[in-house]
Amino acid sequence: MTAIQAGANSGSRGRIGARLRDRYLEVVASIYLYNEYRGYTALDRVLEAARARCPDEAEFIAAVASHRDDERKHYVMFKRWFERRGSMPLSVDRSCGHIDHFIQRVFGCKIDELDTSAVIADGSSFERLCRVIMLTEQRGFAQVEVLLRNRLILADPVMTRIFTIIHADEPSHFLPYQHWLERQGKSQGRCNEKIADWSIHKLLMLVKLPMLFFNRGAGRLVDWPDAGEGLTV
Ligand SMILES: [Fe+2]
Ligand SMILES: [Fe+2]
């Protein structure tokens with residue numbers, strides 16, 4: 001092999017590597033964008049439930065409101081990441097949503113079908129909801145630590161910055177629910193809920209993410225998920 005051929009081969013390997021890395025980043029960012037959007041819109045309903053269920057716990061309610069605002073901030077960071085690239089996210093639906101699967105398994109319905117007034121009326125339902133959020137956020141924290149050791153993520157400075165911010169925010173997302181449950185003297189997560197969390201995580205990482213990565217025909221969003229909100233950040 002001549003030096004010119006060797007150079008051409010390594011150049012082509014480099015281009016393939018760059019394309020695969022780019023694909024991986026947009027798959028990760030698309031899944032996160034969906035989950036952040038799902039997170040803050042679902043938290044609007046949790047906030048409503050918290051205000052009605054524990055009106056005297058101003059600190060807890062403020063923590064839930066702050067959590068909601070953080071998830072919106074995370075969503076906007078991924079949106080900006082795509083805007084810088086000049087592309088829209090890959091179409092991701094609720095099958096890639098950790099909280100969607102979790103609510104379905106624990107409450108037997110979709111998030112949108114969750115009866116907020118029933119959750120407010122029933123103390124054990126509200127506690128279950130708090131445990132689902134706490135476990136989801138703890139899972140999110142652990143996953144971001146994994147991503148911050150991933151060389152594909154670290155090769156993208158903006159993506160690294162986004163996950164560094166998320167990592168810093170995450171403890172304030174699960175600790176308020178954990179402390180609230182401790183104050184009620186309630187379980188920190190039941191065995192079946194921990195198994196559900198673990199199996200959903202495996203499903204997303206080992207099945208859903210690779211399927212989206214290899215699905216070359218996967219479509220892209222036409223509109224941003226928050227297009228109807230009329231908000232700018
Ligand atoms: Fe988030
Ligand atoms: Fe979070």
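Begin by selecting helix H2, residues 58–85, together with helix H7, residues 157–169, in this predicted model; their axes come within 11 Å and cross at roughly 175 degrees. Because an angle over 145 degrees counts as roughly antiparallel, H2 is roughly antiparallel to H7.

Now show the side chains where the two helices meet: on the H2 side these are Asp-70, His-74, Met-77, Phe-78, Trp-81 and Arg-84, and on the H7 side they are Val-158, Met-159, Ile-162, Ile-165, Ile-166 and Asp-169. Colour them by class, and the contact of H2 with H7 comes out as 8 nonpolar, 1 polar and 3 charged residues.

Which residues have the most contacts inside the largest nonpolar core? They are Ile-31, Leu-33, Phe-78 and Ile-162, in a core of 23 residues. Helix H1 (3–53), H2 and H7 are the elements that give two or more residues to this core, and H1 gives the most, with 8 residues. A second, separate core has 21 residues, and you can find it by selecting Ala-49, Cys-130, Phe-174 and Trp-180, which are included in it.

Finally, zoom out to the whole protein chain, which has 9 helices and 0 strands and whose C-alpha atoms fill a box of roughly 75 × 40 × 30 Å along the principal axes. Of its 233 residues, 31% count as buried.

Terms used
Residues numbered from 1 in each chain as written. Chains lettered and ligands numbered in written order. Predicted model: local features only at pLDDT ≥ 70, side-chain atom pairs only at ≥ 80, totals over all residues. Axes fitted to C-alpha atoms, helices over the stretch in contact; angles between N-to-C directions. Helix = DSSP H or I, 4+ residues; strand = E, 2+ residues; numbered from the N terminus. Parallel < 35°, antiparallel > 145°, perpendicular 65-115°, else oblique. Contact = placed C-beta atoms within 7 Å. Nonpolar A, V, L, I, M, F, W, Y, C, P; charged D, E, K, R; others polar. Buried ≥ 20, exposed ≤ 12 C-beta atoms within 10 Å, placed from the backbone. Core = buried A, V, L, I, M, F, W, Y, C linked by C-beta atoms within 7 Å.
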